[in-house]
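Student: Could we go through this structure together? I am new to it and would like to start with the core.

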Amino acid sequence: MNNIAPSADVSDRAVLGAGTKIWHLAQVREDAILGENCIVGRGAYVGTGVHIGDNTKIQNYALVYEPAKLGKGVFIGPAVVLTNDTYPRSVSPDGSLKSAHDWTPVGVTIEDGASIGARAVCVAPVTIGRWATIAAGAVVTKDVPAFALMAGVPAKRLGWVGKAGFPLREADGFWVCPETGAKYVEEENFLKEAEDNA
């Protein structure tokens with residue numbers, strides 16, 4: 001069963017997975033698909049046709065514009081913006097008001113387990129790799145590899161994070177999570193889980 005606040009605006013054409021909660025003043029547009037056990041916070045916006053995986057949290061006042069695609073277990077912090085217009089203009093070169101048909105939306109893709117910190121902006125089109133962490137207030141303008149820790153304007157990689165979200169420490173040729181002990185291997189500026197984690 002879903003829990004939708006009376007003040008939320010959820011289209012009849014939106015698809016909500018079991019256990020999904022939509023809080024006060026949130027808007028979920030037509031053809032949006034939300035997986036099971038998602039949370040859409042107060043005042044958040046989920047655009048037309050956006051796809052959101054299971055167990056994803058979209059915090060208060062975040063704006064997820066179409067055609068964004070969010071994987072499973074994604075965290076979208078308060079007031080995050082996922083843009084959808086590479087060259088935004090209100091008017092055409094002749095000064096006439098542009099309509100929804102005068103441009104082609106491009107989306108942000110966020111892979112499983114990634115976290116986007118409060119007030120960060122992801123400028124489409126970009127892909128945020130799985131389990132990456134984007135620091136609060138960052139502006140992401142380029143694709144982000146899996147497990148990357150990104151911060152700044154424009155965002156740059158400061159290090160690596162593990163699945164628990166903690167910054168990894170280098171030890172004995174591995175990157176190691178201080179919380180779980182899980183090991184990761186870096187190859188050509190990409191990180192992957194070590195085979196001996198099993």
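**The core and what surrounds it**

Tutor: The largest nonpolar core has 50 residues, and those with the most contacts inside it are Leu34, Ile58, Leu70, Ile76, Leu82, Ile110 and Ile128. A nonpolar core is a set of buried Ala, Val, Leu, Ile, Met, Phe, Trp, Tyr and Cys residues joined through side-chain atoms within 4.5 Å. Buried means under 20% relative accessible area, exposed means over 50%, and partly exposed is in between, with a 1.4 Å probe and protein chains only.

Student: Which strands each supply at least two residues of this core?

Tutor: They are E15, strand E18 (126-128) and strand E21 (148-151). Strands (E, at least two residues) and helices (H or I, at least four) are DSSP runs, numbered from the N terminus. The core also draws at least three residues from each of domain 1 (3-161) and domain 2 (162-197).

Student: Before we go on, what kind of model is this?

Tutor: It is a predicted model, in which local features need pLDDT of at least 70 and side-chain atom pairs count only at pLDDT 80 or more, while totals for chains, interfaces and linings use all residues. Residues are numbered from 1 along each chain as its sequence is written, and side-chain values use heavy atoms, with hydrogens and water left out.

Student: Back to the core, then. What is leucine 34 in contact with?

Tutor: Setting aside neighbours within four places in sequence, leucine 34 touches Val15, Leu16, Gly17, Thr20, Ile22, Val28, Val40, Val46 and Ile52. Contact here means heavy atoms within 4.5 Å.

Student: You mentioned two domains. How far apart are their C-alpha centres?

Tutor: The C-alpha centres of domain 1 and domain 2 are 27 Å apart. The contact takes 8 residues from domain 1 and 13 residues from domain 2. The domain bounds come from an automatic or database domain assignment.

Student: Changing topic: in what order do the 6 strands of the open sheet come?

Tutor: The order is E3-E6-E9-E12-E15-E18, and the pairing is parallel. Strand E3 (15-16) and E18 are the edge strands, each pairing on one side only. Two strands pair if DSSP finds at least two bridges between them.

Student: How many bridges join E12 and E15?

Tutor: Strand E12 (residues 69-70) pairs with E15 over 2 bridges, in the parallel sense. Lysine 69 stands opposite threonine 109 in E15.

Student: And which strands run antiparallel to E25?

Tutor: Strand E24 (residues 174-176) is joined to strand E25 (residues 183-187) by 2 bridges, and the two run antiparallel. E25 also pairs with strand E26 (residues 190-193) in the antiparallel sense, over 4 bridges. Tyrosine 184 of E25 is the bridge partner of tryptophan 175, and tyrosine 184 also stands opposite glutamate 193 in E26. Valine 185 faces lysine 192 in E26.

Student: Where in these two hairpins is phi positive?

Tutor: In the hairpin of E24 and E25, with 6 residues between the strands, glycine 181 has a positive phi near 80°. The hairpin of E25 and E26 has 2 residues between its strands, and glutamate 188 in the turn has a positive phi of about 50°.

Student: Now threonine 83. Where is its place, and is it buried or exposed?

Tutor: Threonine 83 is in the loop between strand E14 (81-82) and strand E15 (108-110). It counts as buried because its relative accessibility is 19%. A polar atom of the threonine 83 side chain lies 2.8 Å from the backbone nitrogen of alanine 124. Beyond its neighbours within four places in sequence, threonine 83 is in contact with residues including Tyr65, Val106, Cys122 and Ala124.

Student: Cys122 is a cysteine. How many disulfides does the structure hold?

Tutor: The structure holds 0 disulfides, a disulfide being a pair of cysteine sulfur atoms within 2.5 Å. For cysteine 122, the nearest cysteine sulfur is that of cysteine 38, 18 Å away. Cysteine 122 counts as buried because its relative accessibility is 0%.

Student: Finally, which strand holds lysine 57?

Tutor: Lysine 57 is in strand E10 (residues 57-58). At 42% relative accessibility, lysine 57 counts as partly exposed. Lysine 57 and phenylalanine 75 are 18 residues apart in sequence, and 5.0 Å apart in space from C-alpha to C-alpha.

Technical notes. Polar contact = N/O pair within 3.5 Å; in protein donor to acceptor, adjacent residues only side chain to side chain.
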